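Hi,

Here is the structure I promised to pass on. My notes on it follow below.

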Amino acid sequence: MLPRPVSFTPGDGEVDFDGAFRVERVDGPAEGYRLSVSPDGVRVRASDDAGEFHARQTLRQLSGPAAFRAVPPGVVRLPVCEVVDHPRFAWRGVMIDVARHFLPKHDLLRYVDLLAAHKLNVLHLHLTDDQGWRFESRRFPRLHEVGGWRPDSRFGDRRSGGTAGRPHGGYYTQDDLRELVAYAAARHVTVVPEVDVPGHSQAAIAAYPELGAAGGGVWTDWGVNPNVLRADESTVDFYRHVFDELLDVFPSEVVGLGGDEAEGGDGRFVRRIAQHLAARGRRPFGWDEVLDVGPLPTSTVVASWRGEERGLRALDRGHDVVMCPEEHVYLDYRQSDHPDEPIPVGTRTTLEDVHRYEPAGADRVLGAQANLWTEHLDSPRRLDYAAFPRLSAFAEVVWSPAGPRDFAEFRTRLAAHHLPRLDALGVEYRPLDGPRPWQTLPGVPGFPR
C-alpha cells in the first residue's frame, strides 16, 4: 500500500467485498484506524471520522486500480489481512500556487481528491502574487477584476526573453471557494488560504495604485518584484478588510499572510496583519522571513522554506513549524538532468530525493509540506507532470512511520500497484524512465542550478 501503513499483516485467501463494512469508534491516535478483512467480513475500528475516511482509502487500494475510476467495480476480491495505521504528522500539506497560473475550479477539486487518496490533509492555496489575484473581493472588486488578469507571461526562464504571447487570468468567486472548502472538508482536507503581503503584491497595486510604493500593471515576469506595499495605516487597514473577507470564506484555523521576499518591505506590516488575525481567533501562517520582522503572536506558524535551520530557530522561539525546504520538496524543480526534462529549473529533485527526505526536528514540528509553484506549470497537465509520482513519495514521508526507507521496495510498489491507480484517476504523471514525447518542451530554456 501507499503510503506504507504502521503495520500490515497478511492472512490466507481472499474474500468478496461489495463495499459494505462495519465501523466502530475506539480510542487511539488521531486519524488512526484498524482495518480487518476476514471471511467474516470487513471491519473498521477508527479513532475518529478522519480515521474512518483513511480506512476507506486503504480499502480502495486493496480493491485494485479499477476502484479509482469514476464508476468503480461492484464486488471485488480483497486479500485477508489486518492493517493498523495512523499518520506520523498532523500537517501533511501541499501548496498549490494558483496566482502565477490559474487552476480552474474543477481541476482544483480534482486535486483535493488526489490529496485525499494519498492521505494528505492540508491544501495550502497561494491566492495572490505579483502575477495575479485569484480571490473575489466584494469590498474591493478591482482586486479581482483588474488584478486577476495580465496581458502576457514569461515563457521559460526570465533571462531568455521569451513570452507566451497571450493574456492569462481568472479568479475564484467566494461561492467557488466556499464550495471548495466544503468539498475538501468532506474528504478531511483543510484548505489554508494565503494572501501574500507586503511583497508579491503587484496585482493588488495594479488594481489600487495607492497601495504601492510605485505603480505599474499586473506583472508579466517571474522572480522578485521590488515594488512592495506601503506600510502606512491606510494600506494596513485596507488589508485588514481583505483578510476579514478571507476569514468569512475560509474557516481554517491557520491563515497565510506570506511575508516572503519583500525587498525593502516594512516588518510592521506583517506584524500588524498577524496581530489582526490573532485577534480574530486565527493563527497567522508565514514563510520563514517572518522571523525577521520582530515579535509575532506566539500562535504564528512558520513555513521553513530556505532550508530547515530557520524552522529550528522558530521552534526555539515557541512557534509551530511546517518544514518545506526548497531543496527537498519544491516539486516544480527539475526531476532529472536529462535534456528532455521540460523547463529545467532549480535544484535536481528526483523521486528518490523526495522519498528519502527526513524533516528536521521531526518530533517537534507540525509536519511538512510539498510546494508546487506554477511559474512554469501553466496547465493541469504540467501540474500533474511535476507533482506525480513525487507527491506519492512525499505522502509516504509524512504519513508512514519514521525509520530507514527502502527506495527500491517503494519503487516496486509504486510501479506494480500505485501507478496503475494514477492511470485510473487520469493523472498525467512523469513515467519512471523519463517524460513522454508530449511532456517535453524542447527549446524552452530553464535555469537549473
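In which sense do strand β3 and strand β4 pair, and over how many bridges? Strand β3 (residues 33–38) and strand β4 (residues 41–46) run antiparallel, paired over six bridges. Pairing here takes at least two DSSP bridges between two strands, and the elements are DSSP runs numbered from the N terminus: helices are H or I with at least four residues, strands E with at least two. Within this pair, Y33 sits opposite A46 in β4.

Before you go further: this is a predicted model, with local features needing pLDDT of at least 70 and side-chain atom pairs counting only at pLDDT 80 or more, while totals for chains, interfaces and linings use all residues. Residues are numbered from 1 along each chain as its sequence is written, and side-chain values use heavy atoms, leaving out hydrogens and water.

Back to the strands. β3 and β4 belong to an open, mixed sheet of five, ordered β1-β5-β3-β4-β2. β1 (7–17) and β2 (22–25) have a single partner strand each, so one side of each lacks a neighbour in the sheet. On average, neighbouring strands are turned by 20° against each other, direction ignored.

Then there's a helix pair. α12 (residues 390–399) packs on α13 (residues 407–425) at about 120°, axes 11 Å apart (axes are lines fitted to C-alpha atoms, for helices over the stretch in contact; angles run from 0 to 180 degrees between N-to-C directions). S392, A393 and E396 in α12 meet F410, R413, L414, H418 and L422 in α13, contact being heavy atoms within 4.5 Å.

Cheers
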